[in-house]
Amino acid sequence: MASPYAASPRAGDLQALTAKALHYYSMNNVTVTIEDVLNKMFKDNPDDIHGYIAEYYSLIAKKPVILKIKGRQVYDGKGRPTLQTDVYCKINGHEKMMARTAVASVQSISENASLDNLTAEDKRNTIDCGCAVDLINDEINSAIADMDPCHQKYADEILRELSKELQLNHERQLNENVPEEADDQPPSEVAPSREKSPAKGKADKKSAEKPAEKKEAAEVPDLSLYPGCNSIAATSVAVLSAGASCSKRSLLEHVQYLYSESVSVKPLPTPMVGVLYSGKTAPGKQMLIKELMITPKPGINISKGLADIGVVVRYMGNSMSQKAGITIRNVTESGCYCVPYDRSELMLDAVSEAVSACGYSVDDDFKFIINCSATDLFDQEKQKYEVLTGMLKSADEM
């Protein structure tokens with residue numbers, strides 16, 4: 001006698017649903033993996049049963065993929081615009097933020113630039129940061145989406161090709177604007193401007209000899225980088241950080257694995273720490289040395305090297321503040337003491353004395369690095385280097 005429950009429509013639905021479930025689990029090897037993890041767990045007898053199961057399935061789960069990249073403008077400690085990049089990945093079926101990086105959008109400009117140039121540069125940096133945010137949220141996000149964050153070389157190749165395309169479009173726009181500006185000016189206005197220069201002996205000869213090069217340089221189109229170009233580097237760093245997080249490695253180990261497919265313990269790069277700052281924008285007559293840095297000798301443990309440098313830097317701050325007052329403790333952006341010196345030798349002597357006073361040897365424990373920053377010393381009009389206040393030297397004399 002058949003069961004009345006088996007003959008009911010509901011029983012037929014349950015049987016069909018059960019058949020579908022068995023087929024689904026069989027096609028996806030669910031029962032096989034469950035049986036495997038249960039057998040391994042029984043053999044290993046772990047303390048954390050659920051953690052053991054979670055770790056097992058994390059190894060056979062689908063690889064993480066990048067869902068989206070989000071850029072935004074933030075500000076650093078000095079109120080300057082900074083580009084922040086967030087990388088969101090799909091992991092175990094859920095969206096997670098795996099990396100957040102920040103890249104400064106401040107471009108290098110001479111410290112002795114005029115106020116107008118500094119103001120214009122500040123505005124340009126703000127606009128450039130906004131353009132970088134738009135690029136990350138639009139073109140870059142579309143190009144990087146659905147990519148494995150651990151495939152750094154592939155991501156960099158895509159970013160490189162995108163950067164080339166953006167640069168070509170930028171140069172094309174610049175070249176298209178050049179003829180329009182030239183057409184706006186009547187040709188009759190160009191010719192008379194050359195004839196209005198005063199004809200006075202040597203002055204006339206100089207004016208005739210000079211500008212062949214300047215004139216050619218003025219006619220070269222402005223092939224500057226496209227606005228927001230730092231978005232490429234920011235995205236590359238963010239993807240690298242996301243790949244390290246997804247692979248559960250430190251950033252240094254992840255970089256090593258990308259290029260050698262094996263992780264080995266390697267020492268960190270030797271640090272260089274700025275101690276004294278001088279130069280054209282600093283008080284004092286000497287301009288030859290802009291920044292004096294010290295670094296531990298190669299082979300010294302990085303922790304010990306940094307600790308030794310800290311001892312020397314603190315000693316210099318204490319000793320110089322007693323001689324020149326507490327204001328000498330004010331430091332520059334790079335953390336250097338800004339002390340007025342009239343000769344470059346005095347900077348070297350000050351650091352050497354501090355090293356010796358702390359019980360170290362200049363020959364055995366430290367090396368000195370000098371940043372001359374020749375671009376700040378060079379006078380474009382006189383074509384000479386101003387090594388001291390009022391003292392100009394040519395390249396041959398240097």
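A residue counts as buried when its relative accessible area is under 20%, as exposed when over 50%, and as partly exposed in between. These legends use those words for a predicted model.

**Figure 1. Overview of the predicted protein.** The chain of 398 residues forms 13 helices and 10 strands. Of these 398 residues, 29% count as buried. Among contacts in the protein with a separation of 6 or more, 57% are between residues 24 or more positions apart. The accessible surface comes to about 26200 Å², and carbon and sulfur atoms hold 55% of that surface. The structure also contains nine salt bridges, and the next views show some of them. Side chains of opposite charge can pair when their charged atoms come close.

**Figure 2. The salt bridge between Asp-308 and Lys-304.** The closest N and O atoms of this pair are 2.8 Å apart. Both residues belong to helix H11, which covers residues 302-324. Because Asp-308 and Lys-304 are four residues apart in this helix, about one helical turn separates them. Asp-308 has a relative accessibility of 10% and therefore counts as buried, the cut-off being under 20%. Lys-304, at 46% relative accessibility, counts as partly exposed.

**Figure 3. The salt bridge between Asp-86 and Arg-72.** The side chains of these two residues meet with an N to O distance of 2.6 Å. Asp-86 sits in strand S2 (residues 81-91) and Arg-72 in strand S1, so the pair links distant parts of the chain, 14 residues apart. With a relative accessible area of 0%, Asp-86 is buried. Arg-72 has a relative accessible area of 25%, which makes this residue partly exposed.

**Figure 4. The salt bridge between Lys-68 and Glu-95.** Here the N to O distance between the two side chains is 3.8 Å. Lys-68 is part of strand S1 (residues 65-75), and Glu-95 is part of strand S3 (residues 94-104). The pair therefore ties together parts that are 27 residues apart in sequence. Lys-68 counts as partly exposed, at 34% relative accessibility. Glu-95 also counts as partly exposed, with a value of 47%.

**Figure 5. Pairs within one helix and between strands.** How many residues apart are Asp-308 and Lys-304 in helix H11? They are four residues apart. In contrast, the bridge from Lys-68 to Glu-95 runs from strand S1 to strand S3. Asp-86 and Arg-72 are in strands S2 and S1.

Notes
Residues numbered from 1 in each chain as written. Predicted model: local features only at pLDDT ≥ 70, side-chain atom pairs only at ≥ 80, totals over all residues. Heavy atoms only, no water. Salt bridge = Lys/Arg side-chain N within 4 Å of Asp/Glu carboxyl O. Helix = DSSP H or I, 4+ residues; strand = E, 2+ residues; numbered from the N terminus. Buried < 20%, exposed > 50% of the residue type's maximum accessible area, 1.4 Å probe, protein only. Contact = heavy atoms within 4.5 Å. Areas by Shrake-Rupley, 256 points an atom, 1.4 Å probe, with all protein chains shown as cover.
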